Amino acid sequence: MRVLITGGAGFIGSHLAEALLERGDEVVILDDLSTGSLQNIADLTMWPGFSFTIGSVTHEPLVADLMDQCDVVFHLAAAVGVRLVMNAPVHTIETNVGGTEVVLRQAAGRKKLVVVASTSEVYGKGTVFPFREDADLVLGQPTKTRWGYATSKLIDEFLALAYWQEQQLPVIVVRFFNTVGPRQSERYGMVIPNFVRQALAGESLTVHGTGLQTRSFTWVGDVVWALLALIAEPRSIGQVVNIGHGAEVSIRQLAEMVIAKTGSTSPIRYVPHHEVFGQNFEDMSRRVPDIGKLQQLTGYKPRVDLDEILERIIDYWSPELPPLASTLEVPFLHPSTDLYVH
């Protein structure tokens with residue numbers, strides 16, 4: 001295949017590009033480098049099937065030209081991270097909605113398969129756990145800035161499914177649940193990179209709120225496997241699918257695990273949300289996916305649990321150790337077999 005990845009210089013996108021190239025596909029990346037990094041894709045430039053364009057997904061003529069060159073689109077370009085979402089709400093909404101409009105409109109005229117990246121944030125304040133794709137979604141007030149991000153991604157979902165229904169554009173919507181791995185930046189409030197960096201530096205681990213809120217963390221290699229398996233399964237077309245791990249942990253427990261695994265003497269410091277993000281912030285108390293649909297479609301089984309995730313991230317951030325960028329062992333489904341390939 002020839003694959004276009006918008007936001008491909010970002011965390012998930014760069015790992016996806018690496019896996020595609022390793023199995024023989026060609027990869028075209030479009031990224032404006034607002035949150036992505038050239039460092040993330042530096043090792044990919046040696047591949048003959050790789051190309052990279054710096055530009056915005058909202059630039060329609062550019063997207064149209066790149067769309068002509070591809071068979072499949074992974075639309076990952078978006079505003080990411082709680083800190084960025086809270087600090088730049090206009091940019092967040094305009095980028096998420098406007099970019100998806102452009103990608104779907106250009107794909108529709110060419111009938112290209114599009115995988116649209118959404119988020120577990122769309123489940124909002126739902127109270128039925130674990131979160132299933134057919135659950136009603138409960139979002140907070142528009143005065144709480146965080147829900148603007150969730151709403152923008154939900155509009156992306158509605159738009160993608162509308163193109164499928166009205167114009168038969170093949171689409172798959174995926175809802176990511178806290179993906180973790182090498183190359184993930186701590187700059188935008190990602191909790192595990194922040195905790196690990198703080199523990200290794202002997203700083204206080206900063207927990208926002210009470211720490212009783214729970215999350216479910218998924219290794220990036222498992223996420224990449226799921227993405228590649230979904231595009232190989234025709235039943236995935238027109239579906240919304242959770243991609244996550246299924247286990248959950250409180251943020252307080254997570255901080256304690258990081259301290260124990262790093263051998264750090266760092267204390268845990270609890271900071272109220274409003275001191276970090278202002279009065280317009282509202283948190284989700286619990287977020288855990290039902291991954292039954294993904295398992296039924298692809299046979300997915302997450303291979304890396306939280307203990308191993310933390311050990312790998314600690315190795316990656318430890319200053320005396322080389323980064324793991326070239327030793328990911330990302331599993332994927334080979335296009336001609338049912339075997340897991342490393």
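Reader: Let's start with arginine 183. Which loop is it in?
Author: Arginine 183 sits in the loop between strand S7 (179-180) and helix H6 (191-200). Keep in mind that this is a predicted model.

Reader: Buried or exposed?
Author: Arginine 183 counts as buried, because its relative accessibility is 11%, under the 20% limit.

Reader: And what's its phi?
Author: Phi of arginine 183 is near 80°, so we have a positive value in a residue that isn't glycine.

Reader: OK, now lysine 111. Where's that one, and what does its phi look like?
Author: Lysine 111 is in the loop between H4 and S5. Its phi is near 55°, again positive in a residue other than glycine.

Reader: While we're on backbone geometry, which peptide bond is cis?
Author: The one from phenylalanine 129 to proline 130 is cis, with omega near -10°. Proline 130 belongs to the loop between strand S5 (113-119) and helix H5 (146-167).

Reader: Switching to the fold. What's the strand order in the open sheet?
Author: There are seven strands, ordered S3-S2-S1-S4-S5-S6-S11, and the pairing is parallel. At the edges you find strand S3 (50-54) and strand S11 (240-243), each of which pairs on one side only. On average, neighbouring strands of this sheet are turned by 20° against each other, direction ignored.

Reader: How many bridges between S1 and S4?
Author: Four bridges, in the parallel sense, joining strand S1 (residues 2-6) to strand S4 (residues 72-75). Leucine 4, for example, has valine 73 in S4 as its bridge partner.

Reader: Which strands does helix H1 touch?
Author: Helix H1 (residues 11-22) packs on the sheet and touches S1, strand S2 (26-31), S3, S4 and strand S6 (171-176). The direction of H1 makes about 170° with that of S1.

Reader: And H2? Which strands does that lie across?
Author: Helix H2 (residues 60-68) lies across S1, S2, S3 and S4, and runs at about 175° to S2.

Reader: Which residues of H2 are buried, and what covers them?
Author: The buried ones are Leu62, Val63, Ala64, Leu66 and Met67. Their cover includes S1, S2, S3, S4 and helix H4 (89-108).

Reader: What's leucine 227 in contact with?
Author: Beyond its neighbours within four places in sequence, leucine 227 contacts Ile12, Leu16, Phe74, Val115, Val174, Phe176 and Ile243.

Reader: Let's look at threonine 298. Which helix, and buried or exposed?
Author: Threonine 298 is in helix H10, and it is buried, with a relative accessible area of 17%.

Reader: Which backbone atoms does the side chain of threonine 298 reach?
Author: One is the backbone oxygen of leucine 294, at 2.8 Å. The other is the backbone nitrogen of tyrosine 300, at 3.1 Å. Not counting residues up to four places away in sequence, threonine 298 also touches Trp225, Ala229 and Leu230.

Reader: Last one, asparagine 280. Where is it found?
Author: In the loop between helix H9 (273-277) and helix H10 (292-298). Asparagine 280 counts as partly exposed, at 40% relative accessibility.

Reader: And what is asparagine 280 in contact with?
Author: Setting aside neighbours within four places in sequence, asparagine 280 is in contact with Met86, Thr143, Lys144, Thr145 and Arg146. Arginine 105, by contrast, is 33 Å away from asparagine 280 in space, C-alpha to C-alpha, and 175 residues apart in sequence.

Key: Residues numbered from 1 in each chain as written. Predicted model: local features only at pLDDT ≥ 70, side-chain atom pairs only at ≥ 80, totals over all residues. Heavy atoms only, no water. Pairing = 2+ DSSP bridges. Helix = DSSP H or I, 4+ residues; strand = E, 2+ residues; numbered from the N terminus. Axes fitted to C-alpha atoms, helices over the stretch in contact; angles between N-to-C directions. Contact = heavy atoms within 4.5 Å. Buried < 20%, exposed > 50% of the residue type's maximum accessible area, 1.4 Å probe, protein only. Polar contact = N/O pair within 3.5 Å; in protein donor to acceptor, adjacent residues only side chain to side chain.
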